[in-house]
Amino acid sequence: MLSKPDLMRLTILGFFIGLNIILGAYFLMTVIGTGKLPTYLVDPLDRLAAILKIETKPVAELTLLPPFPDQTELEINNGEIISLVNQTRFEAGIASVSASIKLSAVAKILTEQLADELKLTARNFQSDIDLDQMLGNALETGGYDYKSVLQQTVTGPTTINELEQYWIDNELFEVVTAQEVSQIGVSVKLIDQDNQKVGLIVILLAEPLATQAAQPSTAINDDLNSFDQELQPPTFPSISDQEVFTALNQYRADHNVHQLIENHLLCEYAEKRVQDLIAYGGLDDHQGFRADFADLEHLPEPIQQYPGGRIGENLAHQFCRNMTTGDSFVAETGTALIEWCFDSSTKGHREAQLDPTFNNVCIRHGEGMYVVIFGE
């Protein structure tokens, strides 16, 4: 005769065996769709599923995530590419090249033609499209007269770090380190390729026929004239740190968020980050910031001394892209940086500007790049 504890254990075991049988059968019936259960069991199983909150989504509605995240925006701009090219040339002991609006207009023409061709043919342009002929047509359309011209066309990278790694992986330094060229033109565009969003990057290096930098040609139509606002000029209008600081606090006031106070320790760290970016040759996608905080026992000295808690960083180049409209332009005021560049960002910059937990801030800049360091 079974004791009461043995009877209890058998009862529990039987319950779970029965539950597994029922749920297994229900799974076969509803999810896989191959189960053949008697009709008199269907209603009880449905009631049990409702009690246990089992989801029974038909197979036809199930979707698999793509192997890579789909890019919806470019995180690379002309200014960053020009900076990277000149940094690469500097390291190779070769003279830098200057940005040419006219040559960049040619790059833009070539980019649009390639994007249209890829959309129509879905072919690999490197093997199926005559780039030399397309480049010649773009140079003629743009009215750019040259002694020599070289082009590099890349698909894939959407950030400046990805482009640099692409150069390294594929040994693509011949064009960007070419000698006897003095001007550079760049164009970037987000395109669809193999059901993914990728970057299409065209870099042109050339030596013009004229000894003086050419001006935009009147032969370029009205649409091409609009390219000017997308290109990086050689110099940027000066915006003081104080002007950006004032614009930031005005922005917070407009959104009913308390004012920030400038903190000298955050200023020391912001200046350090500016020097990081100048040495890097462009915005570093916060790599230096993350590296500084990777080891909490060896933080930069100003951060160790800072009495607050959480630290945040916003980075911007005066040549920035509005992620809401997709337009690019050169910010000429602190308000433009705060309300046009940072506010439109989809990477958390707007949220940092309006974060009510931040009480302190400092802004420093160099070579058109601005570092905003927030602190609790």
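Helices (H or I, at least four residues) and strands (E, at least two) are taken here as DSSP runs, numbered from the N terminus. The structure is a predicted model, so local features need pLDDT of at least 70 and side-chain atom pairs count only at pLDDT 80 or more, while totals for chains, interfaces and linings use all residues. Residues are numbered from 1 along each chain as its sequence is written, and side-chain values use heavy atoms, with hydrogens and water left out.

E180 sits in the loop between helix 7 and strand 3 (183-193), and its phi is positive, about 60 degrees, although it is not a glycine. As background, most residues other than glycine have a negative phi. With a relative accessibility of 72%, E180 counts as exposed; the cut-offs are under 20% relative accessible area for buried, over 50% for exposed and partly exposed in between (1.4 Å probe, protein chains only). N256 also has a positive phi of about 60 degrees without being a glycine. Its place is the loop between helix 9 (241-254) and strand 5 (261-262), and its relative accessible area of 74% makes N256 exposed.

Next comes helix 3. Helix 3 is mostly covered, with eleven of its 14 residues buried, including I81, I82, L84 and V85. Just past the helix, G93 takes a positive phi of about 75 degrees.

Helix 3 packs against helix 7 (residues 160-170) at an angle of about 40 degrees, the axes lying 10 Å apart. Axes here are lines fitted to C-alpha atoms, for helices over the stretch in contact, and angles run from 0 to 180 degrees between N-to-C directions. The two helices are therefore oblique to each other, given that angles under 35 degrees count as roughly parallel, over 145 as roughly antiparallel, 65 to 115 as roughly perpendicular and the rest as oblique. On the helix 3 side, the contact is made by E80, I81, L84, V85 and T88, and on the helix 7 side by I160, L163, E164 and W167. Contact means heavy atoms within 4.5 Å.

The sheet is an open one of four strands, in the order 5-9-10-6 with mixed pairing. Strand 5 and strand 6 stand at the edges with a single partner strand each, so one side of each has no neighbour in the sheet. Two strands pair if DSSP finds at least two bridges between them. Strand 10 is joined to strand 6 (residues 311-317) by seven bridges, running antiparallel; H317 stands opposite M369, and L315 has V371 as its bridge partner. Strand 9 (residues 360-366) also pairs with strand 10 in the antiparallel sense, over seven bridges, with V361 opposite F374. Two residues lie between strands 9 and 10 in their hairpin, where E367 takes a positive phi near 55 degrees.

Strand 10 (residues 369-375) has seven of its seven residues buried, so it is largely enclosed by the rest of the structure. M369, V371, I373 and G375 are on one side, with Y370, V372 and F374 on the other. Helix 9 lies across strand 5, strand 9 and strand 10, at about 140 degrees to strand 9. Helix 10 (residues 264-280) packs on the sheet too, touching strand 5, strand 6, strand 9 and strand 10, and its direction makes about 30 degrees with that of strand 9.
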